[in-house]
Structures are given as C-alpha cells and as structure tokens.
Amino acid sequence: MRGVVFDGEQVVVADDLEVRDPGPGEVLVAVAAAGLCHSDLSVIDGTIPFPRPVVLGHEGAGVVEAVGAGVTHVAAGDHVSLSTLANCGACAECDRGRPTMCRKAIGMPGRPFSRGGKELFQFASNSAFAERTVVKAVQAVKIPAELPLTSAALIGCGVLTGVGAVLNRARVAVGDSVVVIGTGGVGLNVLQGARIAGASTIVAVDANPAKEEAARQFGATTFLTDVAAVREALPDGAGHVFECVGRTELVRAAIDLLDRHGQAVLLGMPAADAEASFVPAQLFLDKSILGCRYGSSRPQRDIRLYADLYAQGRLLLDELVTRTYPVEDFGKAVEDAEAGRVARGVLTF
Ligand SMILES: [Zn+2]
Ligand SMILES: [Zn+2]
C-alpha cells in the first residue's frame with residue numbers, strides 16, 4: 001500500500017508499505033483523507049524530534065476495515081475521524097476527563113508498519129498518510145456518513161486543538177473579548193470556537209492582509225495586520241489572547257494585551273529551548289498564562305460535538321480545505337503549505 005515515509009534524510013511516497021492486523025483493542029482504518037499540518041513538517045525539519053523511519057500524518061478520516069478483539073463501539077464500514085491520543089482510558093487522568101494528560105498518551109510510539117521487512121514508527125499514534133493504519137479503539141470516533149471525509153479529516157488536529165482551546169481550556173463565555181494572533185489552521189479554529197462560545201469582540205491579527213477574508217468568515221469581528229494596533233480596538237485589554245504563531249515576542253505581546261482577569265493561551269510552538277519574558281507584576285490582577293495540549297480535548301465527546309455543530313452549520317469544516325492532492329503529490333502539498341497558499345491542504349487516497 002501507499003504511504004508517506006520519512007527516513008531521517010528524505011521523504012518518499014512509498015508504494016510497498018505494509019501494516020499489521022489490528023490486535024485486541026485496536027482498529028484497522030482505510031484512510032480516505034488526511035490533512036497536512038505544520039507538525040508533519042516539523043518532524044521533517046527536526047523541530048519535533050521523532051524516531052525514524054516514520055510514516056507521517058496525524059489528522060485523518062476513513063472507513064473502518066476491521067476491528068480487533070474487544071472493540072464494540074465501531075464496526076467494519078463505519079466512518080471515523082481519528083484522534084492522535086492513544087490514551088489508556090483507565091488511569092486517574094483518563095477517568096477524571098483529562099485524556100490529554102494520560103501518561104500513556106505520549107512518548108511511546110508504536111511500529112505497526114513495515115517496509116522491506118523493516119519496521120516503521122507511527123507518528124502521533126496515527127500515521128494518517130497511509131492507505132491503512134492501525135489505531136487504538138479510543139482514537140476511532142464514529143461520525144455520520146454524510147460528513148465528507150476530506151472535511152472530517154481536519155477535526156482530529158486543527159479543530160480539536162483550536163476550538164478545544166476556546167471551549168475546554170479558556171472556557172470563553174458569552175460576551176467575552178478574544179484576540180487571536182496568527183490565523184493559520186489553528187488560528188481559524190480558535191476564531192470559530194470564539195464565535196461558537198458567543199464572544200462579542202473577536203480580533204484577528206495576522207501580518208498577511210490576504211488572510212482577512214477567511215478570518216472574518218470564521219468569526220473575526222476585527223482584522224489587524226499589526227499586534228500593536230490591538231490596544232486601539234480594545235483599550236482595556238482582552239479577556240483572552242490566543243498566541244497561535246509560536247514566536248516569543250508574540251507570547252510577550254499576548255501577555256501585555258490582557259485585561260484584568262485575562263488569560264493568555266499559548267498554542268504556537270516556539271523552539272524547545274526558546275525563552276520568553278514578561279513583567280510578573282502585571283499578573284497580580286488575576287491574570288494567567290495557560291498552556292494547552294491538543295485543545296484539552298476528550299476526543300470521543302468533542303469529535304461528535306463538532307460533527308453535530310457542522311451539521312447545524314455552526315462549525316465550518318469544508319471552508320478549511322483549500323485544496324486536495326492525491327497522496328503522490330505530497331511534495332506539491334508541502335510547497336503550498338510552506339508558501340502560505342492554503343489554510344489546509346488535504347491528501348486523498
Ligand atoms: Zn497537527
Ligand atoms: Zn490514561
């Protein structure tokens with residue numbers, strides 16, 4: 001079968017990949033579509049250190065082909081959206097509704113693939129850039145068959161991360177003010193999360209003026225190209241500022257923009273050793289700085305919720321898909337993503 005493999009030196013679209021059968025508690029999924037997210041590129045450029053060789057991809061959707069022993073919540077033929085969270089479902093964190101904090105959910109990559117007799121690692125417990133993948137049962141979330149799989153593919157990373165940060169982590173309330181710095185794949189989802197939450201003022205900031213139309217479509221009430229101009233739009237500061245770029249000076253700007261009791265939510269990924277500064281005295285007015293992993297999501301609940309909101313026309317998914325590419329055109333998809341020509345490119349099988 002076909003799949004996108006990174007061996008540490010180069011990326012190839014292989015056609016001789018194999019995947020093992022699903023074991024107990026696992027699901028074999030025929031992937032129909034998978035979004036190209038910045039994190040895939042970060043594996044290739046080394047920003048995210050990951051063992052190799054690895055099959056890339058981590059936001060996908062497809063059709064269940066087979067289930068292993070003990071799996072009853074999905075069956076062959078079901079449409080599913082895949083999460084990247086291979087949480088155990090049985091520890092204290094999972095049990096209290098924090099599967100993103102499960103210690104089994106990160107840092108233990110499996111190797112369900114092989115090529116020429118050699119095993120390959122699975123990226124983010126997912127590897128959606130393959131015709132078939134094996135995931136844990138908790139990762140396969142049933143979705144309505146009417147939901148286009150090219151759109152459903154995006155729920156598993158960009159939507160869970162962006163909308164989840166607003167609803168689950170920041171808990172934006174009706175009437176709140178929100179600033180979103182950076183309107184790429186995650187930023188657009190933060191914007192629509194803020195709209196769904198009922199925020200009254202939603203300011204989008206992006207240095208690229210070409211992003212304005214999409215930002216307004218997803219929920220921005222104001223669009224600015226310079227973070228320094230936000231004070232004019234919100235003289236008292238903002239209730240919530242989401243940094244979605246990952247630059248330390250913008251982390252600082254996010255904190256400086258907070259109103260009393262405001263919170264800065266850090267979603268961008270600076271280099272692992274980057275340091276940002278802030279003025280501690282500013283935080284005394286009940287301000288806070290929040291990290292957020294994977295939208296603090298509970299995928300079995302949240303993916304169903306987002307599928308419902310999509311069906312009601314309240315959550316935009318189709319509009320996130322700028323372009324689809326057959327998997328063989330992976331290189332072209334990367335070029336377009338790096339040039340900022342697409343909100344999301346989606347590979348199809
Ligand atoms: Zn991602
Ligand atoms: Zn757990």
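Q: Which residues of H4 meet H9?
A: In this predicted model, Val159, Leu160, Val163, Gly164, Leu167 and Asn168 are the H4 residues that meet H9. Their partners in H9 are Pro299, Arg301, Asp302, Ile303 and Tyr306.

Q: What classes do the residues of that contact divide into?
A: The contact of H4 with H9 has seven nonpolar residues, two polar and two charged.

Q: At what angle do the axes of H4 and H9 cross?
A: They cross at roughly 100 degrees, and the axes come within 11 Å. Helix H9 covers residues 299-311. Because angles of 65 to 115 degrees count as roughly perpendicular, H4 is roughly perpendicular to H9.

Q: And H5, how do the axes of H4 and H5 cross?
A: The axes of H4 (residues 158-170) and H5 (residues 185-197) come within 7 Å and cross at roughly 40 degrees. The two helices are therefore oblique to each other.

Q: Is that crossing left-handed or right-handed?
A: The crossing of H4 and H5 is right-handed.

Q: Which residues meet there?
A: From H4 they are Gly158, Val159, Thr161, Gly162, Val163, Val166 and Leu167. In H5 they are Val186, Asn189, Val190, Gln192, Gly193, Ala194 and Ala197. The contact of H4 with H5 divides into eight nonpolar and six polar residues, with no charged ones. Val159, Val163 and Leu167 of H4 meet residues in H5, and these three also meet residues in H9.

Q: Changing topic: how many cavities of 30 Å³ or more does a search of the whole structure find?
A: The search finds one. The largest cavity has a volume of about 30 Å³.

Q: Which residues line it?
A: The largest cavity is lined by Leu154, Gly158, Val159, Gly185, Asn189, Leu320 and Arg344. Helices H4 and H5 each supply at least two residues of this lining. Among the lining residues, Gly158, Val159 and Asn189 also take part in the contact between H4 and H5. By class, the lining has three nonpolar residues, three polar and one charged.

Q: Now the backbone. Which peptide bond is cis, with omega near -5 degrees?
A: The bond from Arg52 to Pro53 is the cis one. Pro53 lies in the loop between helix H1 (38-45) and strand S5 (54-55).

Q: And which residue has a positive phi although it is not a glycine?
A: His261 has a phi of about 65 degrees. This histidine lies in strand S16, which covers residues 258-266.

Note on methods
Residues numbered from 1 in each chain as written. Chains lettered and ligands numbered in written order. Predicted model: local features only at pLDDT ≥ 70, side-chain atom pairs only at ≥ 80, totals over all residues. Heavy atoms only, no water. Axes fitted to C-alpha atoms, helices over the stretch in contact; angles between N-to-C directions. Helix = DSSP H or I, 4+ residues; strand = E, 2+ residues; numbered from the N terminus. Parallel < 35°, antiparallel > 145°, perpendicular 65-115°, else oblique. Left-handed = near helix turned anticlockwise from the far one by under 90°. Contact = heavy atoms within 4.5 Å. Nonpolar A, V, L, I, M, F, W, Y, C, P; charged D, E, K, R; others polar. 1 Å grid on protein atoms, 1.4 Å probe; cavity = no way out; pocket = protein on both sides within 12 Å on 5 of 7 lines; lining within 4 Å. Points joined across faces, edges and corners; volume = space filled by probe spheres on them.
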